[in-house]
Protein chains: 2
Amino acid sequence: MKIISGGVTAPKGFKAAGVSCGIKKDNKKDLAIICSDDIAIAAGVFTKNVVKGHSLQLTMEYIKKGCAKAVVINSGNANACVGEAGFKNAKEIAEVTGNLLGCDPENILVGSTGVIGVPLDMPKILNGVKETALKLSPEGSNDAVEAIMTTDLVKKEMAVEIDIQGKKARIGAIAKGSGMIHPDMATMISVITTDVNISKELLDKALKEAVAHTFNRVSVDGDTSVCDMVVILANGKAENPGILNEGTEYDTFKSALEFVCEHLSRSIAKDGEGATKLIEVVVEGAASSDDAYKMVSSIAKSPLVKTAIFGEDANWGRIITAAGYSGAEFDPNLIDISIGSLLVCKNGTALDFDEGEAKKILEKDEVQIKVNLKKGTFKDRIWTCDFSYDYVKINGSYRT
Amino acid sequence: MKIISGGVTAPKGFKAAGVSCGIKKDNKKDLAIICSDDIAIAAGVFTKNVVKGHSLQLTMEYIKKGCAKAVVINSGNANACVGEAGFKNAKEIAEVTGNLLGCDPENILVGSTGVIGVPLDMPKILNGVKETALKLSPEGSNDAVEAIMTTDLVKKEMAVEIDIQGKKARIGAIAKGSGMIHPDMATMISVITTDVNISKELLDKALKEAVAHTFNRVSVDGDTSVCDMVVILANGKAENPGILNEGTEYDTFKSALEFVCEHLSRSIAKDGEGATKLIEVVVEGAASSDDAYKMVSSIAKSPLVKTAIFGEDANWGRIITAAGYSGAEFDPNLIDISIGSLLVCKNGTALDFDEGEAKKILEKDEVQIKVNLKKGTFKDRIWTCDFSYDYVKINGSYRT
């Protein structure tokens, strides 16, 4: 596997574009299309929030048949909680896009991200769709990723090339964060493309497995959004005979897909609203996978842990506290806690560690917190970020 | 019922004092004793965190027999996660205090609040205990409450007088917040005293019921501390014949107790770390009490809701989002959301509300968020506060 350039248009037979249609201020790009030359097989993973955006609801319906040609996404407006017009508008976007791209509207997946409760400005959106459709290009990934950003500061793109069944195949992806992010899933928007030839069933399985360990292990603020999704389109243009069974070829594909998803997930955490540091929380030695997940999630959500890391303060008392209320079963007299390579708590008891060394570890822009429960063999890890003044600033005045 | 002055020493036969023993910086008071002239019956509610501070563990053991004479509390150090010395030290504090007050050490309840993982400086603490015991006075509530504060900005005291069985009886209390606060319980430290004559069973029942609706409905940051407790001592000095059965007299006492606890709970939320506003979250029309609790808790914990309120932004999309991932069952097409008296979302759909009116509501220092699910008859409410720059500032550098 090697990393290549080109993002979501790196795989053969994909084009993309992004334009400014006037939803976001300051002429920022806010409408993207990612399109396969031919109908591709498609799979998706969607938010588990009970409240779901109207565009998301349409996409969940359309993707059921297992194929799609394009994904159209607007940023700046979530198209959520606006009543009947919301679903109707999402449908119209699919219709207009389908007409322009020469396919059935049901082959168009629609995504919207941004403010909740404001009706879409449809004339702007539809003009934007037309303009974007004209600009579709095999070099369009960069514009598309820019057009799906909300409070993101960094563009999130990745592409890799792998050898599958004697052919070169590619996986490309774009993603956006960066607030209202927590499992379960999908905690943001990501569009993944691949030219590999793979069965619908295995594409679905590979996506679900990859997402479980990557996008579903990112928490910025503990808030699971109503609009978020990961979709993948596979158009078979790599001309490999076809991955039809599990085995080596499937594993190669899945591991490359997971690599791409992991890169984007870490980027989302690192670019979390106001973040100055990426935090990786690892729990080992749990009695069950459920316990391991509860504990990484609890530590990653704790505002006290996150502000301590922002302040570069090795306040592990907050880590053991979050572990203690996580709902996971463990013996407080067995727990070990490390910050980076520094063991700060052994068997539930404070160690007299070197504060200078702790400071050096915490000054870095990536910090690992590791907890060992010594109860069993299960483990989990989650990526999050610190809580800074800027998080408050960004979110105190997002809408107005 | 009338509100009276005197705090925790307002009831007959109680004394208190608070001194600086040198744990906290700048000569701030950090050691308090609250003492009944005679042995009182006692009840307590304690944190559900799996990790428990050593002083708390001792108190949980001693209170089992149902009586106590005094509570001794230090602030600045949680006496938690320091190994075997922690429990031994808590025991020694009880012993020395018991000797000074002329009672069995097992009649002394011990509380510690502050930094986790640092051994207690016992010479300082024991000197402080001696000094405090000498200063005990019926006017000592104010010094005691000062000595249990950590990051609190406001002293939290309340006392009331009620008529019970032809006698005047009093309930007094002090409490401290103000970070690492979330159900379940107890989310802070509070000492309540009363001179009412009541059976141990009914004291226990009244405390548990009052706490469930008050102290267990406060969330500052979603972090349930390892050290927290509410204890009540009842010494019978009011000389009422005795509340031995449920009925009018019990109800009078319980409702006064709940009034005291509610006042302190609201004070804790309002004085939450960095808080500029008290937020009351109310959920009505839930299908079960569990659903109602899940939803108030989810909304009150959401950093996005809390930063929006800080920014005085009527961003109800974040409220419906937090409702949606709360785990409560509801129909997104039925939900109504109000901010203060202003309905902003009806049947899951945005209303075109007056932003100027919203701003006026949000400018106040108390804001109510109300959600109606129209599914059933259950309701709940929780108090929290907004998330400000100061929360980050306070918690980025708490320990060092």
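Which handedness does the crossing of α5(A) and α6(A) have? In this predicted model, the crossing is right-handed.

**Helix packing in chain A**

- Helix α5 (residues 200-213) and helix α6 (residues 248-270) of chain A pack with their axes 9 Å apart, at an angle of about 40 degrees. That angle makes α5(A) oblique to α6(A).
- On the α5(A) side, the contact includes L202(A), L203(A), A206(A) and L207(A); on the α6(A) side, it includes Y250(A), F253(A), L257(A) and C261(A).
- The residues of this contact divide into 9 nonpolar, 4 charged and 1 polar.

**Salt bridges in chain A**

- R217(A) and D380(A) form a salt bridge through their side chains, at 2.9 Å from N to O. R217(A) lies in the loop between α5 and β9, D380(A) lies in strand β15, and the two are 163 residues apart. Both R217(A) and D380(A) are buried.
- K374(A) and D336(A) also meet in a salt bridge, at 2.9 Å from N to O. This pair joins the loop between β14 and β15 to strand β11, across 38 residues. K374(A) counts as partly exposed because its relative accessibility is 34%, whereas D336(A), at 10%, is buried.
- A network of salt bridges links R266(A), K270(A), E280(A), D365(A) and E366(A).

**A salt bridge in chain B**

- The side chains of E312(B) and K277(B) form a salt bridge of 2.9 Å, N to O. E312(B) sits in the loop between α8 and α9, and K277(B) in the loop between α6 and β10, 35 residues apart.
- E312(B) is partly exposed at 21% relative accessible area, while K277(B) is buried at 4%.

Technical notes. Residues numbered from 1 in each chain as written. Chains lettered and ligands numbered in written order. Predicted model: local features only at pLDDT ≥ 70, side-chain atom pairs only at ≥ 80, totals over all residues. Heavy atoms only, no water. Axes fitted to C-alpha atoms, helices over the stretch in contact; angles between N-to-C directions. Helix = DSSP H or I, 4+ residues; strand = E, 2+ residues; numbered from the N terminus. Parallel < 35°, antiparallel > 145°, perpendicular 65-115°, else oblique. Left-handed = near helix turned anticlockwise from the far one by under 90°. Contact = heavy atoms within 4.5 Å. Nonpolar A, V, L, I, M, F, W, Y, C, P; charged D, E, K, R; others polar. Salt bridge = Lys/Arg side-chain N within 4 Å of Asp/Glu carboxyl O. Buried < 20%, exposed > 50% of the residue type's maximum accessible area, 1.4 Å probe, protein only.
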